[in-house]
Amino acid sequence: MSINSTEEAHCLTPSQSDRREVQCRTRAGIPITFRAPVTPNDWHAVTEANGLRLHLTYWQLHLLRDFDHLLCLEGLTGVEHLSHQIETVRKVLRRFRGRVLLADEVGLGKTIEACLLLREYLLRGLVKRVLILVPTPLVSQWHEELASKFHLEFSIPPRTATADRPEYWRQTERVLASLAFAKSRKRAELVTAASWDLVIVDEAHHCKNRATQNWQLINALKRRHLFLLTATPVQNDLLELYNLLTLLEPGHLKTESDFKRQYVRRGNPRDPRNRERLRSLLGEVMVRNTRALVQMDLPARYAQTFLAQPRGEEADLYGLLDGYLRRRKAPLNKGGGALRECHADEENAEFGSEIGEGMRSSAMHQPDAAAEGLPPLGRRQLSALLLAAGSHAAALAQSLENIAGDDPTARPLVETARRIGRTAKDERLLELVHHGRREKMLVFATFRRTLEHLQRLLQEAGVPFVTFSGAESDREKDAAVAAFRQNVPIMLCSESGGEGRNLQFANTLVNFDLPWNPMRIEQRVGRIHRIGQTRDVFIFNLCTAGSLEARILALLDEKIRMFELVVGEIGSILGNLQGGEEFESLVLDLWLRSHDDLDLQQSFDSLGCSLLNAQEEYLRAKQLDEALFGEEYQ
């Protein structure tokens with residue numbers, strides 16, 4: 001563990017115990033809290049520069065002797081210390097020399113284990129340059145969790161010429177990219193020309209075939225350490241396992257012909273020979289935790305969707321908005337898709353945030369639109385408006401004002417949205433609150449304006465509530481959780497609401513609006529459906545009839561039964577979708593290419609078929625891996 005300078009290390013006020021704390025920042029920029037026994041007589045020396053340096057050096061040498069004391073567990077936010085994950089970190093540090101296949105069953109936290117290992121390696125100075133490659137739909141989730149939970153900042157390559165320059169890959173120490181982005185011919189040369197201390201590959205079963213660009217990219221990378229993550233290392237036949245382990249430890253399973261002769265049954269490449277010997281060899285490079293081993297079973301969860309039918313001005317508003325946005329969308333390119341904006345952070349922006357004045361001015365510099373001489377709205381602007389419409393009229397009015405306030409044809413829409421008081425979804429929510437008044441209820445909303453409206457709605461109805469969002473201070477959030485636990489029946493939450501808090505005393509969740517990214521929906525549910533929950537969990541989804549959110553929810557619930565899946569399975573399924581685009585980007589493309597509701601529904605039906613195929617692929621792989629490794633694999 002290397003400290004950047006004594007100026008960067010500052011001390012806390014000494015406590016009354018015999019253990020003292022020093023907050024420091026490593027050369028890698030990671031904040032840590034250093035705890036060690038210090039006698040009262042020593043404390044003054046430790047708070048001085050030389051004493052602090054000597055004290056830290058002493059404990060650094062002490063820690064180098066073994067890996068029993070993990071540095072990575074200090075300073076985390078919202079990460080539970082689960083025994084199987086901590087033991088996996090220790091096992092990898094002691095036995096695997098920085099090359100491991102993490103193959104836990106879905107939902108047991110492979111990502112958490114990989115991030116803990118990453119943080120441990122960084123804190124111990126074992127690595128500096130890190131490359132993380134994940135499927136496109138998982139980039140934003142990885143980026144958010146690395147920053148919010150592990151306090152690790154990673155650069156996502158911009159979709160500009162910057163990412164096509166060697167300097168970006170040589171000089172950027174921590175890069176998070178989609179595998180699809182990195183494997184293109186030009187970028188692959190740049191990525192493989194750079195040297196990396198550690199490479200992490202999520203959903204590594206996409207590298208199962210030696211003939212693919214995925215496998216060839218990982219094999220060509222200059223790296224000292226490699227973590228491969230997959231819950232399904234074998235999807236079709238045992239040679240896929242051989243190919244994955246060849247990336248980790250070339251020669252560990254000898255040659256391909258030797259592997260076939262010893263372990264593959266002739267005529268059935270899915271059925272291994274010498275199973276015990278093969279399992280022993282796998283144990284030297286692979287860690288696989290199963291639910292049976294860690295004894296982690298969660299109570300059931302049940303989901304119900306309420307479609308709210310808009311009436312009067314509210315119904316008129318949605319019809320007018322659809323026509324307005326279709327007039328303002330960008331023209332289609334030859335491939336049938338809308339021309340994309342050249343924003344560097346386009347694919348990684350969080351949809352649903354309130355759009356400010358800067359966004360409005362950027363729209364005014366777009367190429368001329370075909371209709372009415374108006375400049376076209378970009379993808380992010382269209383996404384924000386469509387999401388706002390699915391949230392509440394109050395959010396839509398504010399977003400329209402911010403994005404299209406200079407457009408006189410948008411003014412009637414803004415005025416109509418502002419006139420709407422209670423919406424159909426408001427009435428549905430009040431019904432749920434009335435019927436569930438004995439239960440603790442979390443109510444999620446994406447937009448700040450929607451949260452403010454819900455606060456007024458509950459106040460007028462005389463319903464006690466607290467709010468947990470980014471607008472509150474840490475002290476206010478603590479007070480909100482305490483009140484919610486004790487005597488307040490409802491907590492209104494923003495997208496990050498309740499993150500890192502123990503809210504398992506509640507078992508009812510209401511999605512007042514819905515993100516387009518299914519994994520964000522899963523993150524919301526995970527606030528209460530997690531270890532420590534002892535009761536069945538009930539999820540209520542509110543959607544405006546005919547909205548994009550209603551179509552998305554029907555797709556996820558009816559086609560793949562999303563709310564019945566084990567936590568983490570939705571990510572594995574989305575990773576199998578052909579094309580590898582982020583799900584919210586797919587949804588926007590469907591809307592952009594459609595001409596009317598019938599056309600849009602047909603497109604969603606096609607996407608539903610693709611989701612079913614992706615789920616079937618996942619289930620086949622899951623069955624094969626369970627047959628090969630069994631529940632008691634260690």
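Figure 1. Y168 sits in helix α6, which covers residues 166-171. Helices (H or I, at least four residues) and strands (E, at least two) are DSSP runs, numbered from the N terminus. Which residues does Y168 contact, leaving aside its neighbours within four places in sequence? They are S155, I156, P157, P158, T162 and V175, where contact means heavy atoms within 4.5 Å. Take P157: it is 11 residues from Y168 in sequence, and the two C-alpha atoms are 8.3 Å apart in space.

A quick note on how to read these views: residues are numbered from 1 along each chain as its sequence is written, and side-chain values use heavy atoms, with hydrogens and water left out. Since the model is predicted, local features need pLDDT of at least 70 and side-chain atom pairs count only at pLDDT 80 or more, while totals for chains, interfaces and linings use all residues.

**Figure 2. The whole protein chain, for orientation.** Zoom out for a moment: the protein chain has 26 helices and 17 strands. It is 634 residues long, and 56% of them count as buried. Look at the contacts with a separation of 6 or more: 74% of these link residues 24 or more positions apart.

**Figure 3. Q85 and its contacts.** Q85 belongs to helix α3 and counts as buried, at 5% relative accessibility. If you skip the neighbours within four places in sequence, Q85 is in contact with E80, L108, G109, I112 and E113.

Figure 4. Buried or exposed: what is F96? F96 is buried, with a relative accessible area of 1%, whereas R97 counts as exposed at 63%. Not counting residues up to four places away in sequence, F96 touches K91, G283, E284, V285, M286 and V287. As for R97, check its backbone: phi is near 55°, a positive value in a residue other than glycine.

**Figure 5. K254, another residue with a positive phi.** K254 lies in the loop between α10 (238-248) and α11 (256-263). Its phi is near 60°, again positive in a residue other than glycine. K254 is exposed, with a relative accessible area of 51%.

**Figure 6. S184 in a loop between two helices.** You'll find S184 between α7 (179-182) and α8 (185-193). With a relative accessible area of 25%, S184 is partly exposed. The C-alpha atoms of S184 and Q213 are separated by 8.2 Å, with the two residues 29 apart along the chain.

**Figure 7. L118 and the largest nonpolar core.** A nonpolar core is a set of buried Ala, Val, Leu, Ile, Met, Phe, Trp, Tyr and Cys residues joined through side-chain atoms within 4.5 Å. The largest one here has 120 residues, and L118, I132, W142 and F583 have the most contacts inside it. Helix α4 (residues 110-123) gives the most to this core, with 9 residues. Leaving aside neighbours within four places in sequence, L118 is in contact with V130, I132, L146, L152, F154, L198, I200 and F227. Apart from this core lies another, of 47 residues, including V201, L228, L628 and F629.

**Figure 8. Helices α16 and α17 side by side.** The axes of α16 (residues 379-391) and α17 (residues 393-404) come within 7 Å and cross at roughly 160°. Axes are lines fitted to C-alpha atoms, for helices over the stretch in contact, and angles run from 0 to 180 degrees between N-to-C directions. That crossing makes α16 roughly antiparallel to α17 (angles over 145 degrees count that way). Q381, A384, L385, A388, A389 and S391 in α16 meet A395, L396, S399, L400 and I403 in α17.

Terms used. Parallel < 35°, antiparallel > 145°, perpendicular 65-115°, else oblique. Buried < 20%, exposed > 50% of the residue type's maximum accessible area, 1.4 Å probe, protein only.
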